[in-house]
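Biologist: Could you walk me through this structure, one feature after another? I would like to learn how to read each kind of feature.

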Amino acid sequence: MPRQAAYPGIDLEQEGRYAIDSPGSPPNLLDGLPTLDAQLDEGEERYLIDPASKEDPKVKELTQVLIDWINDELAVHRIIVKQPLEEDLFDGQVLQKLIEKLENIKVEIPEVTQTEEGQKQKLRVVLDEADRILQAHGPHHHAKWTVEAIHSKYLVAMLHLLVALARYYRAPVRLPENVNVRVTVVQKRDGLLHQRQIIEEVTTTYDEWGLRQERDAFDTLFDHAPDKLNVVKKRLLLFVNQHLQRLNLEVNDLESQVRATQHWSGRKYAAGDSLIKFLRPSALLLTI
């Protein structure tokens, strides 16, 4: 009987993925992996992220945004997650702490031996709890983050799970839109390795902004009155400096000084995000 695949096969059309079947066009990720043949049983699949896709700026941005969010949430536990994300999440311990913090519960983990199978048993309990919570939010394809996928350090599965949690708990972060990852699916059939490529859609469009799901007055300003943007920036600058006076700090240029800042109001944000995004609620008041 073949072993369970690291990331179970999913109907591409049903899940909104797109197969790329033209042989020769995708890079052959099997080169340099001579041991993969021995690792796979007949019928088993393995999912490999295209190296170029892993270096995609949007993928890297999404990964860093999620890492910063986890670190903010778990700061009280002095837990710091770093790159590569896979190394800190695969055994389920960080995921357990994150779910406990977000849901204000205690996930009861059975006492098991510190073996690979023991890790998977603990991880299974954590993922079952995550699935239970997310089902209240609506149908989620939990097959995107199976025990085998997470434990095998498959980054895409981890991103799927963290994005689902961030959206469910309305995390105060901006998730990059339309993040796609090119993945090579390797399957052993008739003793030979066969590969095909798919595109994993990790985030979609506009509603990936954590705290807001609808367009607001600030979007209208950008769309219909961009000429008034400088007026708003001046008011924001005045607003910011009024609150920074007590710290003997002063902002002269919103864009450049915020890009150089790693923290704002105790939270980390991706470099390059404008101050307007950070202060959006206050900025809306200034436009009234």
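**Reading the model**

Modeller: Let us start with the surface: the protein has an accessible surface of about 16,000 Å², and carbon and sulfur atoms hold 51% of that. Accessible areas come from the Shrake-Rupley method with a 1.4 Å probe, and for residues only the protein chains shown count as cover. This is a predicted model, where local features need pLDDT of at least 70 and side-chain atom pairs count only at pLDDT 80 or more, while totals for chains, interfaces and linings use all residues. Residues are numbered from 1 along each chain as its sequence is written, and side-chain values use heavy atoms, with hydrogens and water left out.

Biologist: How many helices and strands are in the protein?

Modeller: Helices (H or I, at least four residues) and strands (E, at least two) are DSSP runs, numbered from the N terminus. Here there are 13 helices and 6 strands.

Biologist: What percentage of the residues is buried?

Modeller: A residue is buried under 20% relative accessible area, exposed over 50% and partly exposed in between, with a 1.4 Å probe and protein chains only. Of the 288 residues in the protein, 43% are buried.

Biologist: And what do contacts tell me about the chain?

Modeller: Contact means heavy atoms within 4.5 Å. Take the contacts between residues at least 6 apart in sequence: 65% of them join residues at least 24 apart.

Biologist: Can we look at one residue as an example? Is S53 buried or exposed?

Modeller: S53 is buried, because its relative accessible area is 9%. This residue sits in helix 2 (residues 51–54). Leaving aside neighbours within four places in sequence, S53 is in contact with V59, N180, V181 and R182. S53 and N180 are 127 residues apart in sequence, yet their C-alpha atoms are 8.2 Å apart in space.

Biologist: Now helix packing. At what angle do helix 3 and helix 8 pack?

Modeller: Axes are lines fitted to C-alpha atoms, for helices over the stretch in contact, and angles run from 0 to 180 degrees between N-to-C directions. Helix 3 (residues 57–73) and helix 8 (residues 155–168) pack at about 55°, with axes 11 Å apart. Angles under 35 degrees count as roughly parallel, over 145 as roughly antiparallel, 65 to 115 as roughly perpendicular and the rest as oblique. Helix 3 and helix 8 are therefore oblique to each other.

Biologist: Which residues make that contact?

Modeller: Helix 3 brings L62, T63, L66, W69 and I70, and helix 8 brings L155, L159, L162, V163, L165 and A166. For the classes, Ala, Val, Leu, Ile, Met, Phe, Trp, Tyr, Cys and Pro count as nonpolar, Asp, Glu, Lys and Arg as charged, and the others, Gly among them, as polar. The contact of helix 3 with helix 8 has 10 nonpolar residues, 1 polar and no charged.

Biologist: Where do the axes of helix 6 and helix 8 stand?

Modeller: The axes of helix 6 (residues 116–135) and helix 8 come within 11 Å and cross at roughly 40°, so helix 6 and helix 8 are oblique to each other. L127, A130, I133 and L134 in helix 6 meet L161, A164, L165 and Y168 in helix 8. By class, this contact of helix 6 with helix 8 has 8 nonpolar, no polar and no charged residues.

Biologist: Which residues join helix 3 and helix 5?

Modeller: Helix 3 and helix 5 (residues 93–103) pack at about 65°, their axes 10 Å apart. W69, I70 and E73 of helix 3 meet V94, L98, K101 and L102 of helix 5. These residues divide into 5 nonpolar, no polar and 2 charged. Helix 5 also holds I99, which is buried at a relative accessible area of 3%. Not counting residues up to four places away in sequence, I99 touches N104, I105, V107, V126, E129, A130 and I133.

Biologist: What about backbone details? Which residues does a cis peptide bond join?

Modeller: Q83 and P84, with omega about -5°. P84 lies in the loop between helix 3 and helix 4 (85–89). R78 is in the loop between helix 3 and helix 4, and has a positive phi of about 55° although it is not a glycine. R78 counts as exposed, at 77% relative accessibility.
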